[in-house]
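Come along and check each entry as I go.

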2 protein chains.
Amino acid sequence: MTNCMFSISDIERESGISRDTLRVWERRYGFPTPSRNERGERIYPDEQLLRLRLIKQLQDSGMQPGKLVKLEYQQLQQLTFQPDNSALVPADVKMLMDILTSGFGSGLISQLDTLLHQRGLRYFLTDVVAPMNHAVGQAWFEGRVGILDEHYYAETIRTVLTVALNGLPPGDGNPKIMLTTLPGEQHGIGLLMAACMLRLEGAGVVLIGVQTPLEEIVRGAIESGCSIVGISCSDYMGRRTIASQLVKLRALLPEGVAIWAGGSGVRTLTFLKDSIRLFNDLDQIHAAVQAVLNVAAGAKYELIAGT
Amino acid sequence: MTNCMFSISDIERESGISRDTLRVWERRYGFPTPSRNERGERIYPDEQLLRLRLIKQLQDSGMQPGKLVKLEYQQLQQLTFQPDNSALVPADVKMLMDILTSGFGSGLISQLDTLLHQRGLRYFLTDVVAPMNHAVGQAWFEGRVGILDEHYYAETIRTVLTVALNGLPPGDGNPKIMLTTLPGEQHGIGLLMAACMLRLEGAGVVLIGVQTPLEEIVRGAIESGCSIVGISCSDYMGRRTIASQLVKLRALLPEGVAIWAGGSGVRTLTFLKDSIRLFNDLDQIHAAVQAVLNVAAGAKYELIAGT
DNA sequence: GGTCATATTTGTCCTAGACAACATATAAAT
DNA sequence: ATTTATATGTTGTCTAGGACAAATATGACC
């Protein structure tokens, strides 16, 4: 029953590896090894899909595909086991993971709500959501939860954060920041987390959804008078794509508008540090906003003093 | 400034037309007509991107690409003007469109909130959100609003509906329905609308995000004990893809689990009527849920009577 | 008007080659 | 010994033009 075969389009969609790459891997490394249907088209068994997904993940964390494809499935799985930091995982995250793996609808949302009220939004974000995101990603990676569980978790978090964000008192709205993701990037949770943090700092947030074309980002930033554009990057997209798109965006955007980029996708980006502000951490948002406000205040002070 | 050139990947991502199709159109119909960079690769001016987006839309509403590509941009735009039903557009929708086109952050969310409380969720969905979705899509289509405005609208609606859904009292949870979209489908608003309608009927809703692989939908439906799987299809994906995926899903899913499919993407689907319940309208949800409950009650009655 | 057979249209898949961008190894020079 | 230049891999994306089945349109006939 589980032995369905997938076409190359299916594999592209499900693994995130392009057709061209799939064909060139087959040609060069001898993997994957799809059989052919009566029409001579590639058909892949599901076990190869699993292996490809694993390879994609490992590759995104910096390994060379040419070496990965030579390894067996089990060897690949071993690679995924990071230096074990389970000691560092908060008890709450463990509990949430237990709920998640035990099936749907069993009170995940109410547990999250409880934690939110116990800790307050600020520490809920940094101490619960952020580590939990990581734990869920890791668990999927190791095959302990399915894509479905990940989606269910994401949807639940989205609900909780949306409700929380909506209940927050608006600050004075400075600085004004537009939040979105690059074309191709589908993960919106990081955006919501950033929106919450920024609203907590009193900043003005214009939350746009995911996948905004670059020209539209530019137009929006100008029309809405935002002085900062915030971009959230997961590591779902390759570093390559992220970097080239950020560079393009920087070129299109007026100099007066800053770019702030965060998320796991910008972790290893170093070379565009001077033109773009990179965030490895939600906590850095506080300092960054304060810095902007101070500069603005300083400028105003100078203006007054100079008059 | 706006005269940037796009690579074939950019065009694929931004227009939703695959590389292969772009190349084959060029070969067959002589459009698009990209120039080449020093490396011999296609580069497209932005005006061709706009035309391609338009063609994609018209094509999805049933026209032949081979005829569309021969037309000029202005002729294409004329085609988009549907039989004018602006008389049917409620005043509220007109007002919301005005707000949307007048820039960001100017009270769209508060207006929506007001309307929600005036009408109640039920009629807010059918009389405001549904027509507004259509109006926004149409306006984008005709070039009156940008993608950014559409995203901003979508994000705002998502917020309003999420908050509303979360505030709804849980019913008895029958029938239990899992909601998601097919792989490739990114629009989640229809899902939220359906979730609201179903919760209003007292049904149990397991809201999964977008783009769930078929095997995972099956696993989830079984594990969570859902008797119905609800799929929301926008017309962003081609009819082709939608139909083939739905057929695949029907084959994978146990017979006891029904498939309900709704959204503008299933409007013209007819041939799978007997195996899948198709919805053209939010209002049909009420009747469908009642029918399921009656059958269940009838079965129970028969069981009792038979004993 | 409806039903069937034939013709056209259309998207996706194929092969196999090329090349730039990046990473890494090796040699030369300070 | 450390930096700098050069060579060698490695990798993803792009190219061309051909093939074919599934979807759709056209026309003949009842």
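My entries follow, from the overall picture to single residues.

**Entry 1: what I am looking at**

I remind myself that this is a predicted model. I began with chain A, which has 12 helices and eight strands. I then looked up burial and found that 49% of the 307 residues in chain A are buried. For the contacts in chain A between residues at least 6 apart in sequence, I noted that 68% join residues at least 24 apart.

**Entry 2: where the two protein chains meet**

How many residues of chain B are in contact with chain A? I find 41 residues of chain B in contact with 41 residues of chain A.

Next I looked at polar pairing. I noted 12 residue pairs in polar contact between chain B and chain A, both residues at pLDDT 80 or more. Which element of chain B gives the most to the side that touches chain A? I first listed the elements that each supply at least two residues to that side: helix 1, helix 2, helix 9, strand 5, helix 11 and helix 12 of chain B. Helix 9 of chain B gives the most, with 11 residues. By class, the side of chain B that touches chain A divides into 14 nonpolar, 13 polar and 14 charged residues.

**Entry 3: salt bridges**

I count 28 salt bridges over all chains, and four between chain B and chain A. Side chains of opposite charge can pair when their charged atoms come close.

I stopped at Arg219(B), whose side chain meets that of Asp149(A) in a salt bridge at 2.9 Å, N to O. Arg219(B) also forms a salt bridge with Glu216(B), at 3.0 Å, N to O. How many residues apart are Glu216(B) and Arg219(B) in helix 11 of chain B? They are three residues apart, about one turn of the helix. I recall that an α-helix has 3.6 residues a turn, so residues three or four places apart point the same way.

Is Glu216(B) buried or exposed? Glu216(B) counts as buried because its relative accessibility is 13%, under the 20% cut-off. Arg219(B), with a relative accessible area of 23%, is partly exposed.

I looked up two further pairs. Arg19(A) and Glu12(A) meet in a salt bridge at 3.1 Å, N to O. Arg19(A) is partly exposed at 26% relative accessibility, and Glu12(A) is partly exposed at 24%. In chain B, Glu14(B) and Arg13(B) meet in a salt bridge at 3.2 Å, N to O. Glu14(B) counts as buried at 14% relative accessibility, whereas Arg13(B) counts as partly exposed at 28%.

I also marked a network of salt bridges that links Asp10(A), Arg13(A), Glu14(A), Arg53(A) and Lys248(B).

**Entry 4: DNA strand D**

Which residues come nearest to DNA strand D? Of the 23 residues around DNA strand D, those are Trp25(A), Gln59(A), Ser9(B), Arg19(B) and Gln64(B). I then checked which DNA atoms take part: sugar and phosphate account for 69% of the atoms of DNA strand D that come within 4 Å of the protein.

I read 2.6 Å for Ser9(B), 3.2 Å for Thr21(A) and 3.3 Å for Arg36(B).

Helix 2 and helix 4 of chain A, along with helix 1 and helix 2 of chain B, each supply at least two residues of the surface near DNA strand D. Helix 2 of chain A gives the most, with six residues. I sorted the surface near DNA strand D into five nonpolar, eight polar and 10 charged residues.

**Entry 5: back to helix 2 of chain A**

I finished with the buried residues of helix 2 of chain A, which are Leu22(A), Val24(A), Trp25(A) and Glu26(A). What do they pack against? I found helix 1, strand 2, strand 3, helix 3 and helix 4 of chain A.

Methods: Residues are numbered from 1 along each chain as its sequence is written. Chains are lettered from A and ligands numbered from 1 in the order in which they are written. This is a predicted model: local features need pLDDT of at least 70, side-chain atom pairs count only at pLDDT 80 or more; totals for chains, interfaces and linings use all residues. Side-chain values use heavy atoms; hydrogens and water are left out. Contact means heavy atoms within 4.5 Å. A polar contact is a pair of N or O atoms within 3.5 Å; within protein, one must be able to donate a hydrogen and the other to accept it, and residues adjacent in sequence count only if both atoms are side-chain atoms. Helices (H or I, at least four residues) and strands (E, at least two) are DSSP runs, numbered from the N terminus. Ala, Val, Leu, Ile, Met, Phe, Trp, Tyr, Cys and Pro count as nonpolar, Asp, Glu, Lys and Arg as charged, and the others, Gly among them, as polar. Buried means under 20% relative accessible area, exposed over 50%, partly exposed in between (1.4 Å probe, protein chains only). A residue is near a molecule or strand if one of its heavy atoms lies within 4 Å of it.
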